[in-house]
Amino acid sequence: MNKTKKRLTAESPARLRALWQTLWQTLLQTGRRCQLWLTTHVSRSAHPSWFAEEEPLRAELLSALQMEQYGQALATGHKLSSTVGPDQLLSRLAGNEDQIVAACTLLTASIQSGHQVPPAAAWLLDNFYLIEDQIRTAKHHFPKHYSKQLPRLIQNGQSANPRVYAIALELISHGDGRIDPDSLSRFITAYQSVAVLKLGELWAIPIMLRLALIENLRRVATRLINTQESRKLAIAWADEMILTAEKDPSHLIVLVADMSRSGQPLDSAFVAELVRRLQGRAPTLTLPLNWLSQRLAEQSESIEQLVQQDSQHQAADQISISNSIHSLRCLSMMDWRQFVESMSAVEKILSTDPASVYASMDFLTRDRYRHVIEELSRLSPYPETEVAQQVCRLAQQKADNLGAQHRESHIGYYLVDAGISELRRALGVQTRLPPGMSRYFSRHRLFLYLAAMTGITLIATASIWIWRVHQLHLSVTTVLVLAASVLICSQFALSILNWLITLYATPSVLPRMDFSEGIPADCSSLVVVATVLNSVEQIDQLSEAMEIRFLANRDPHLRFGLLSDFTDAQQEVTAADTTLKLRVVANIAALNKKYPRTDGSYFLLLHRNRLWNPQEKIWMSFERKRGKLSDLNSFLRGSAETAFSLITGDPAGLKQTRYVITLDSDTELPRGAAAVFIATMAHRLNQPVFDACSSRVIAGYGILQPRIAAGVSSPTASGYEQLYSCDSGMDPYTRCVSDVYQDLFAEGSFIGKGIYDVSAFEQVLKGKMPINRILSHDLLEGCYARSGLMSDGVLLEASPSHYLSDMRRHHRWIRGDWQLCSWLLPQVPGETDPVTGKASTYPNPLSALSRWKLFDNLRRSLLPAANLFFLSANWLLFGHPAQAWQGTVSVIALLFMPAVFSLSLQLGKKPAELQLLQHLTELAVSARNQLSQAFLKLCFIPYEASVYLDAILRTQWRMHISHQHLLEWTPSHLEQLSRR
């Protein structure tokens, strides 16, 4: 008994340990089974709709010929809806983006956890950056509500997706994600042989293909995630079975039963991974394989079939991913401009332009014409092709009556010029306003513009005086102060009106020819810089600048010249003349030797000697810059062979010059800009039409003024130069928005740097200008020859480096403006009689708009004096401090309000591509510049008033009493030297 008791006591710890081990193993097995069950069911239930699997866009692969046939069949079966459906493509794109990002995140996590991914998933992850970029591109080129403008298909009696999106889906499906440019063109051509696509649909093809490819990638990515989850489950079950077979084979059948009860779908990915893990292991693992084989047999499937199916799915997914990635790259490289034009039925019709101009225009101009066709088609009951045919019919009628060379024979006359009203009537397009009112507004734009400015001026004036109306009494002082306030408010009104017009008016862009392959011989041009030779260093700078312009605009039919003369002197020839002449001749000869040309030289020097001016009592160049250009025009037309005393370089072929580009010595001609200017000038609608009755250009343009932008500031630029160099696109002569006249009246203002037609310039201005009278000739030349603003052409010019330099420029401009006062009168001075020295007169040919431009310059020159007089009168004459402060605050408010309005609008118009912080940073820089300029304008009122009044009074003295120094002018480079 004692022995038995001792033995039991000794065996009890061993038994307890075995019991605990058994219990622990059981708990572990139970835990693993629970984990497998949870993994199976949680994985199956997680994101049931997020990764709801849709089949990739795969259909029967078709050859190019089969695609053509299918395109015709597809067009026959498509039925368009007459209603506008909801815009679902953007939301679909956002959903696809979220799912692709989530799929890539899960696949990356799977790799990091040690699991293998199929080749298709590796392709997806490796090219995720490209997919992100294409999604951003799709969002940028697919604005909100864009798809609502596209024709939609009828599906189940309701408006469905846009037709072009359905076409893109078919292209992706029958090419397994591969886009071939040739098969795409043939498919679209075949489709349009049955149903013509609109221009908007053709332009939407690339974006729709992107959307369809992204849709296909999302579907494949979803499938990859689902198969990856199945593989992870198969790995978990296989690992548990392998562990159970090694430690407790008797429980393997229980584990198989658990897997059976879990309801795990036996898809190809699960089966293939499970078999791969279990085959070739312990003999006991044949049990789950046999069970799997039996379950699949019940579904009429086999292990071998599903393993093969999984391999096929992986290969197909890899091909779909690789094809889609390749197609996305292909879309970015394709020339969609050429594709759309080759596919467009409207393009083929417009190419029959009776004037034979359309096909030779640049792409942007052709595209602008087509956009007008689209707009008119939307506003009329006619399709785009019939609108285009109507345009060609109207142009053909004019060609039959007036000849193919007439401007009205070109289809553009009816699309972007005065003939558009005739086209609208032919199409029955109704304007928003009644026809009579619309015609009135069109014919009286200047009157309405001035009426609006007057209205704003009166309102602003009334707001200043309403608080002191009880103090008003008729006196000279009151009338002068009231007039000053009206003048001040007129500038505020003009600033606000111009700002509003630029916000709502359609920007005017001039049509242009395509000279990208070179300037044609019949448009041979000359780039000239009119200058005064002063020093050897200046000559070297001019030569270097001319070479830079040549290298940036090199063309066989573009030549470069210097129009030079010497500074004013008390004798005809000075000691420095010979040195300067030899230096400039040597520099021109060196350039021609460096860049030889067979028919005449690339570089020319046209130099004039001094002439005695009896009125100025000095030896000087005849009529300064105006005289140089006038002599050049006469020389080019063969009527002034002796105008230039020295010609360096071979001028052969120079008399065939059609256009002249005139620049200042500090003006930069950007790369390719000359060809752009010439191509714009050469367009049929821009060619000048001279009216013999009014002796001026009445249609087209004799002069084109490019937009003046500030050049790149040097590191040593002054604060004043940096502050005002931000005004790119502003007219530096007026500080006003220069697009207003072009947008409203189809005319601009010439400021001395641009391109002009030599024949038109000579025809309009020859014998029209008095001698020793015209200083600011640029504006007057633009009024006679009709100047247009080329807003998409640009010249670069440095801003004044110092305020005093800027004031000297303004002093000269104001003197020139007041010397043009006579051109506001019914009779204007003409050519000076060489015998009597008196100028003849003739009826003023200038238009009302041109006279307003002249008057506006005079009005602007009085502003500083008006501000100073109004402020002084408030404090000295009206006595009461409160009222004086009221007037002062009013002036300050009128100066700052335009800037405040502009900044307020900028604050609310954040570009979509900019982050908020970037937008606010740019806004802060703009606010600093605009408010600083307004503050300086306020501070400099007294000084500017003195400078401007000096210029005005000095001009009156010289014009009416002394008759001398009317051509007083100092070149900018000499001003800089004198300042140093």
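Which element gives the largest share of the lining of the second largest cavity? Helix H3 does, with four residues. The model is predicted: local features need pLDDT of at least 70, side-chain atom pairs count only at pLDDT 80 or more, and totals for chains, interfaces and linings use all residues. Residues are numbered from 1 along each chain as its sequence is written, and side-chain values use heavy atoms, with hydrogens and water left out.

**View 1. The second largest cavity.** Three cavities of 30 Å³ or more are present. A cavity is a set of points on a 1 Å grid over the protein atoms alone where a 1.4 Å probe fits but cannot get out.

**View 2. The cavity lining.** Leu89, Arg92, Leu93, Asn96, Tyr165, Leu211 and Glu215 line the second largest cavity; lining residues have an atom within 4 Å of a point. Helices H3 (89-112) and H8 (199-247) each give two or more of these residues. Helices are DSSP runs (H or I, at least four residues), numbered from the N terminus. By class, the lining has four nonpolar, one polar and two charged residues.

**View 3. A nonpolar surface patch.** Trp875, Leu876, Leu877, Trp885 and Val889 make a patch of about 580 Å². Patch residues have over 30% relative accessible area and no salt bridge, with nonpolar side chains joined within 5 Å. Helices H32 (863-876) and H33 (881-908) each contribute two or more residues.

**View 4. Trp875.** This residue sits in helix H32. Trp875 is partly exposed, at 38% relative accessible area (partly exposed lies between buried, under 20%, and exposed, over 50%; 1.4 Å probe, protein chains only).

Terms used: On a 1 Å grid over the protein atoms alone, a cavity is a set of points where a 1.4 Å probe fits but cannot get out, and a pocket is an open set with protein on both sides within 12 Å along at least five of seven lines; lining residues have an atom within 4 Å of a point. Grid points are joined across faces, edges and corners, and a volume is the space filled by probe spheres set on the points. Ala, Val, Leu, Ile, Met, Phe, Trp, Tyr, Cys and Pro count as nonpolar, Asp, Glu, Lys and Arg as charged, and the others, Gly among them, as polar. Patches are made of residues with over 30% relative accessible area and no salt bridge: like charges are joined within 9 Å, nonpolar side chains (Val, Leu, Ile, Met, Phe, Trp, Tyr) within 5 Å. Accessible areas come from the Shrake-Rupley method with a 1.4 Å probe; for residues, only the protein chains shown count as cover. A salt bridge is a side-chain nitrogen of Lys or Arg within 4 Å of a carboxyl oxygen of Asp or Glu.
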